[in-house]
Amino acid sequence: MADLHDQRILVLDFGGQTTQLIARRVRESGVYCEIHPWDISDEVVREFNASGVILSGGPESVIAPGSPVIPQAVLDMDAPILGICYGMQAMVHQLGGEVQAQASHSEFGHAVVNVHGGSALFDGLEDHRLEDKSQLDVWMSHGDRVETLPEGFSLVGTSANAPSAIMSNEAAKRFGIQFHPEVTHTKKGADILRRFVLDICQCDGLWTPGNIIDDAVSRVQEMVGEDEVLLGLSGGVDSSVVAALLHKAIGKQLTCVFVDNGLLRLHEGDQVMKTFADNMGVRVIRVNAQKRFLDALAGVTDPEAKRKVIGNLFIEVFEEEAAKLKNALWLAQGTIYPDVIESAASTSGSAHLIKSHHNVGGLPSEMRLKLVEPLRELFKDEVRTIGMDLGLPPIMVQRHPFPGPGLGVRILGEVKEEYADILREADNIFIEALLRHDLYHTVSQAFTVFLPIKSVGVTGDGRRYDYVVALRAVETVDFMTARAAQLPWDFLDEVSRTICNSITRISRVTYDISSKPPATIEWE
Ligand SMILES: Nc1ncnc2c1ncn2[C@@H]1O[C@H](COP(=O)(O)OP(=O)(O)OP(=O)(O)O)[C@@H](O)[C@H]1O
Ligand SMILES: O=c1[nH]c(=O)c2[nH+]cn([C@@H]3O[C@H](COP(=O)(O)O)[C@@H](O)[C@H]3O)c2[nH]1
Ligand SMILES: NC(=O)CC[C@H](N)C(=O)O
Ligand SMILES: [Mg+2]
């Protein structure tokens with residue numbers, strides 16, 4: 001098999017909200033791609049050796065001084081280029097055309113583009129739902145617009161507010177589109193991106209789940225040789241898929257360590273151990289470190305401080321367990337591509353650190369173990385697909401994500417065992433009800449938060465003065481932005497009554513309706 005990474009698309013990020021979606025659509029077409037910031041050096045561009053380049057959208061205006069530019073090395077390449085929105089405008093601006101700010105002509109949302117034809121990227125793709133077959137139903141989001149095309153380019157499509165909605169230089173294989181093909185609201189968007197990477201860039205579409213697994217297996221085998229590998233297994237999607245993959249790659253050289261830190265959900269420890277014993281035949285060591293974590297967290301109230309305590313203790317436990325093995329030189333983790341992109345964003349200095357995720361960026365610099373992260377290049381949906389292909393049960397692969405610091409960031413302020421016990425009961429009621437009503441898979445993530453404040457209630461003529469919990473359920477594609485799920489009122493009512501009736505220490509249940517931004521998904 002040819003190297004899976006030989007054919008590769010470079011996605012240059014100009015700060016667009018949907019850049020990750022571009023990469024996902026390219027991957028779905030069966031082609032490997034990576035997202036890099038627009039200001040990477042010319043050397044990195046040349047080393048990347050792209051089969052094609054896609055320039056993303058972005059919030060800035062190409063005519064404003066100091067705005068992001070396309071690296072010269074990209075413009076010097078022979079590989080095909082597709083500029084999307086800001087990416088198109090930057091191409092025009094840098095290749096000698098003209099872009100103007102047209103505040104009165106902004107287009108946000110649905111638009112129709114008339115395609116004049118004659119472009120290899122569009123011919124035959126027309127939207128047949130529309131009466132006029134030369135029209136495309138698209139989604140726009142721009143204020144600036146292209147007024148004059150650069151030399152060598154011709155006009156391929158027009159919309160009401162973008163006279164140059166599509167342009168191309170067919171001979172040079174350079175295309176610019178003002179609309180966003182990566183969003184599902186653009187009806188033929190996925191087809192356009194597929195056409196670009198498969199036909200225009202001539203990639204073979206080898207990036208399939210089967211090939212990804214074979215490739216990861218052989219790379220891991222080559223990397224670790226005869227050494228033993230320790231995997232931090234949480235029972236979550238990512239580390240479970242890593243376990244299945246490593247089991248396939250190195251069999252008995254793998255030992256999984258599952259740390260019960262006292263911050264897990266109800267019965268989770270037993271369930272994880274049982275699922276793995278039943279389904280996988282891998283060796284899992286359970287470390288009961290509840291007391292150790294809770295003791296270390298006593299008196300700690302600041303969210304970032306709590307995260308650090310938990311993250312450091314995880315590593316301590318992993319290193320202790322590794323020392324008990326004969327030859328463990330490697331620590332495997334379920335790091336996935338969004339973790340990498342986000343931690344790059346938070347280390348580049350241009351983005352603010354919102355919260356420290358414990359597994360990336362938070363590792364001590366003098367760690368003795370070397371890292372194996374076979375999912376580092378994959379999106380969550382790709383991870384789920386290969387998990388299914390590796391034979392993991394759907395309940396494991398389709399689970400909602402659960403943060404490493406667990407209930408530690410869902411108990412506001414100081415963590416106490418008593419609070420964790422109450423929270424586990426309440427959360428279990430919520431999640432069981434979601435499953436029973438077939439609502440679990442309609443939301444991306446759902447959980448309960450413990451508020452260490454007391455509120456007055458009345459039950460059976462008596463006064464109650466007890467704790468409050470908040471239910472949280474969100475819908476999101478990439479967990480970078482999210483909105484509160486609109487769960488049915490009757491359902492929320494049932495959950496709230498069940499919680500207050502069966503847990504005497506809770507007097508009140510609230511539902512969190514904040515979106516991200518301005519809130520985050522977790523409360524801490
Ligand atoms: N309780 C735990 N015991 C051992 N390792 C853990 C534990 N919690 C987290 N980890 C390690 O930290 C990594 C990151 O956690 P994270 O929650 O992002 O991934 P996950 O649990 O594998 O998947 P998911 O995102 O679906 O919850 C895990 O892949 C795992 O290696
Ligand atoms: O493994 C993890 N370690 C962490 O420290 C961590 N903090 C948040 N999350 C999860 O990340 C997603 C986004 O969460 P936020 O909107 O709260 O940042 C949500 O899915 C959160 O559950 C974490 N996952
Ligand atoms: N979505 C975009 O890429 C917008 C590009 C540019 N900021 C404009 O408003 O036209
Ligand atoms: Mg997890």
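**View 1. Helix 5, residues 189-200, is 12 residues long and spans 15 Å from first C-alpha to last, close to the 16 Å expected at 1.5 Å a residue.** (That expected span is 1.5 Å times one less than the number of residues; helices are DSSP runs of H or I with at least four residues, strands are E runs of at least two, and both are numbered from the N terminus.) You're looking at a predicted model, where local features need pLDDT of at least 70, side-chain atom pairs count only at pLDDT 80 or more, and totals for chains, interfaces and linings use all residues. Residues are numbered from 1 along each chain as its sequence is written, while chains are lettered from A and ligands numbered from 1 in the order in which they are written. Among the buried residues of helix 5 are Ile192, Leu193, Phe196 and Val197 (buried means 20 or more other C-beta atoms within 10 Å of a residue's own, with C-beta atoms placed from the backbone). Their cover includes strand 1 and helix 1. Just past the helix, Gln202 has a positive phi of about 60°.

**View 2. Now for ligand 1, with 18 residues around it.** The closest are Gly232, Ser234, Gly236, Ser239 and Gly334. Helix 7 and strand 13 each give two or more residues to this shell.

How values were computed: Near = placed C-beta within 6 Å. Buried ≥ 20, exposed ≤ 12 C-beta atoms within 10 Å, placed from the backbone. Contact = placed C-beta atoms within 7 Å.
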